[in-house]
Amino acid sequence: MKTIYDTGKRTSELLQDLKQLVEIPSVRDERTAGISAPFGKEIRNAMDVFLQIAQREGFSVHDFDGYAVDAQLGEGDDYIGVLAHLDVVEAGERSHWHGDPFQMREIDGMLYGRGVNDDKGPLLAALYAMARIRQEGRTLYHPIRLIAGGAEETTWECMEHYFKHNPQPICGFSPDGNFPIVNGEKGILQVRFLLNADSDISLHCKERLHIVCDDLQVIVPKGSDVSFVERTNLIEVMHDGIKITYRGVRALSRNPQRGDNAIFKFVKDFHGHLDQASSLYPMVNMIYENFLDDFYGKKSGLYHEDAAMGCGSVCLMSLNTQDGQLELCVDVRYVRSTDEQSLLHTLRKTAQHYGCELEVLRHKRLLYVAEDSTLIQSLKTAYHRVMKEDAAVFTKGGASYARVLDHGVAFGATFPDEDPRPHMPNECMPVKSLLKASDIYYEALVELACTKG
């Protein structure tokens, strides 16, 4: 007799499990790193709680030295993989949150808290989909393995470590993106331009990486003429000089067009007012000529477009002076019509022209899976069963664990027209979307693991 799945009871249990995970501030902290806790004690705590939940649900579990853990339904190495993560980004300025970021709250059907969307909620949605398959006693032609990493928000060495000890899945998905199906993820190349700058003008950004620069402070010597400054939000006379603050609109660096870059405001004010002998002049001139108000790299020669993936993007993330150097951090997202080496060649030529050095901070290869693949077709079927509409494929600038798979994509859990504010204050996710995502993952895993062929 087929077991009846108690949706109401399981919803309550899922939310309680999620509440427990959100309460763990699983931000990487190497100060508390140790044996089986390479990313710090809180990420270790989150892994332990996840393992307890998975064991309670009847799955076999494994711990890979605290880099990653997994929960498996069925036996064998020829498995279907689901890749998610238990680490989260810092909460940031607490005053910008409506409540404690590490206490999950439900208000009018909306869940709030760090990790409810990225990625603890979707991880549990996938786990509960597996539990439903187990409870119903479905026949598995391939085991299902949910892999939870601990360094997705930082170095990704968790997945490097995991796949040193485990084979790749037949195919899989990461519940750390958008619905319907993200079959393309742009390549990520983050670099920094370095210029020797022994200047009496200093610059400081609150954050260096991953966002559109939304706060830039410029300190010039006392007595300086600042009458030309028009785009500032605040000018203050300090004991050590005059501080000019430029504020923009924060956005993720993969979507520079959604923000308002404070660096652009500074350059518009100061270009034409710096003496050419100033050590800051080459950098300011480079930004003015190559990057100003250009989100797609047309001025800099970095523009590329692909019929399936769209066009790339360019984002200035930060501009800082420190230890006699001026540093500009730049994020480039690229598509199939170019590659890392071609972009680096262009960037190095630009750096050389303006007397800068160029260093690579981060590179992640692009991902693309053809729409006619068996994986994509199975996910389309699953999405249609729940949503009663066709599933489109599309490309994103963001990065999911799907990139580490030989054959995988990002699949949910954010639905079209939702703004869950990942990495931002008041991260959120509708309860109904979390449950709907779990239903879709159930159908997807039935298609991939319980269907012969």
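Two notes on method come before the structure. Residues are numbered from 1 along each chain as its sequence is written, and side-chain values use heavy atoms, with hydrogens and water left out. Because the model is predicted, local features need pLDDT of at least 70 and side-chain atom pairs count only at pLDDT 80 or more, while totals for chains, interfaces and linings use all residues.

I start with the domains. The protein chain is split into domain 1, residues 6–184 + 365–448, and domain 2, residues 186–362; such bounds come from an automatic or database domain assignment. The C-alpha centres of domain 1 and domain 2 are 34 Å apart. Where they are in contact (heavy atoms within 4.5 Å), domain 1 gives 15 residues and domain 2 gives 14 residues.

How much area do domain 1 and domain 2 bury between them? The figure is about 1200 Å², with 61% of it on carbon and sulfur atoms. Buried area here is the accessible area, with a 1.4 Å probe, that two parts lose on being put together, summed over both. Between domain 1 and domain 2 there are zero salt bridges. On the domain 1 side of this contact, the elements that give two or more residues are β20 (367–368) and β21 (393–396). Helices (H or I, at least four residues) and strands (E, at least two) are DSSP runs, numbered from the N terminus.

Now the salt bridges themselves. The rule asks for a side-chain nitrogen of Lys or Arg within 4 Å of a carboxyl oxygen of Asp or Glu, and by it the count is 33 salt bridges.

Take Arg 44 and Asp 63, whose closest N and O atoms are 2.9 Å apart. For exposure, buried means under 20% relative accessible area, exposed over 50%, and partly exposed in between (1.4 Å probe, protein chains only). Arg 44 is buried at 12%, and Asp 63 is partly exposed at 37%.

Another pair is Arg 145 and Asp 77, with 3.8 Å from N to O. Arg 145 belongs to strand β6 (residues 144–149) and Asp 77 to the loop between β2 (68–73) and β3 (80–85), so the pair links parts 68 residues apart in sequence.

Last, the backbone. Most residues other than glycine have a negative phi, and most peptide bonds are trans.

As for phi, Asp 108 has a positive value of about 50 degrees. Asp 108 lies in the loop between β4 (105–107) and β5 and is exposed at 81% relative accessibility. Lys 388 also has a positive phi, near 60 degrees. Lys 388 is in the loop between α8 (374–387) and β21, and its relative accessible area of 65% makes it exposed.
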